[in-house]
Amino acid sequence: MPYDSAAEYMNLLQENLPMENRVTKPVPDLKQMYDKKRDQYNARGYVRHCSRMARKEGHLVLGVTGVDLFSAGHNFVFGSAQVGGHGGVISIYRLGEGKLLEGRMIKEAVHEIGHIVGLTHCDDPLCVMHFSNTISEADNKGTWFCADCEKEYGELKSGRLDKTNV
Ligand SMILES: [Zn+2]
Ligand SMILES: [Zn+2]
């Protein structure tokens, strides 16, 4: 289920985004991230967890989870990351199934990796770094960066690679 497809589609990203896939043990402090009133998990806790893991291992870490995530000021989020940090997370909870899930997952992963590497949101609605508040906005945007973001991504990434060994 989620983990199989996660690993499978993360593989698709490897050509452009050097990544390694791994299924980890359940996040130990998952309970602390759970908000009973909202029946959702706080994305910040996940990002912190992935960032800690990343710093320990000297990599950048993008977590993939099946639970519904929220962050302050949003009803839900598809993902979250530390801009220019080390870790981030995406949730497949609201991304549907099958081919739709695959395409959306790649977009969300590229988006959050873009944030981890240091990119912020882009005004271009077709750019993968455009903020999507709804699934239709997410579907409307492309799977890759616009020309400006791609250039910036390349520059930021080469700077990061020296330091982090991704
Ligand atoms: Zn974003
Ligand atoms: Zn852009």
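Let's start with a pair of strands. β3 and β6 run parallel, and five bridges hold the pairing. Keep in mind that this is a predicted model. Look at two of the partners. Leu 62 has Gly 88 in β6 as its bridge partner. Gly 63 sits opposite Val 89 in β6.

Now the other side of β6. β5 and β6 are antiparallel, joined by three bridges. Here Gly 79 stands opposite Ile 90 in β6. These two strands make a hairpin, with five residues between them. In that turn, find Gly 84: its phi is positive, about 70°.

A quick reminder on sheets. Strands of a sheet pair through backbone hydrogen bonds, in a parallel or an antiparallel way.

So which strands form the sheet, and in what order? Three strands, in the order β3-β6-β5. The sheet is open, and its pairing is mixed. β3 and β5 are the edge strands, since each pairs on one side only. On average, neighbouring strands here are turned by 10° against each other, ignoring direction.

What packs on this sheet? α3 does, touching β3, β5 and β6, with its direction at about 135° to that of β6. α4 does too, touching β3, β5 and β6, and its direction makes about 160° with that of β6.

Back to β6. Is it enclosed or open? Five of its five residues are buried, so the rest of the structure largely encloses it. Both faces are covered. On one side you have Gly 87, Val 89 and Ser 91. On the other you have Gly 88 and Ile 90.

Leave aside its neighbours within four places in sequence. Its contacts then include Leu 62, Val 64, Phe 78 and Met 105. Ala 109 is also one of them.

Nonpolar side chains tend to be buried together in soluble globular proteins. In this chain, the largest nonpolar core has 36 residues. Which residues have the most contacts inside it? Tyr 46, Leu 62 and Ile 90. Several elements give two or more residues to this core, among them α3, β3, β6 and α6. α4 gives the most, with seven residues.

Let's look at α4 itself. Its range is 98-117. It has 20 residues and reaches 28 Å from first C-alpha to last, close to the 28 Å expected. α4 is mostly covered, with 14 of its 20 residues buried. Just after it comes Gly 118, with a positive phi of about 135°.

Next, α3, at residues 43-57. Just after α3, Gly 58 takes a positive phi of about 70°.

One residue away from all that: Gly 154. Where is it? In helix α6, residues 147-164. Buried or exposed? Gly 154 and Val 117 are 37 residues apart in sequence, but 9.4 Å apart in space, C-alpha to C-alpha.

Last, the whole chain. How many helices and strands are there? Six helices and six strands. From the N terminus, the order is α-α-β-β-α-β-β-β-β-α-α-α. Of the 166 residues, 35% are buried. Now take contacts between residues at least 6 apart in sequence. Of these, 56% join residues at least 24 apart.

To sum up: β6 pairs with β3 in the parallel sense and with β5 in the antiparallel sense. α3 packs on that sheet, and so does α4.

Terms used. Residues are numbered from 1 along each chain as its sequence is written. Chains are lettered from A and ligands numbered from 1 in the order in which they are written. This is a predicted model: local features need pLDDT of at least 70, side-chain atom pairs count only at pLDDT 80 or more; totals for chains, interfaces and linings use all residues. Helices (H or I, at least four residues) and strands (E, at least two) are DSSP runs, numbered from the N terminus. A residue is buried if 20 or more other C-beta atoms lie within 10 Å of its own, exposed if 12 or fewer, and partly exposed in between; C-beta atoms are placed from the backbone. Two residues are in contact if their C-beta atoms, placed from the backbone, lie within 7 Å. A nonpolar core is a set of buried Ala, Val, Leu, Ile, Met, Phe, Trp, Tyr and Cys residues joined through C-beta atoms within 7 Å. The expected span of a helix is 1.5 Å times one less than its number of residues. Two strands pair if DSSP finds at least two bridges between them. Axes are lines fitted to C-alpha atoms, for helices over the stretch in contact, and angles run from 0 to 180 degrees between N-to-C directions.
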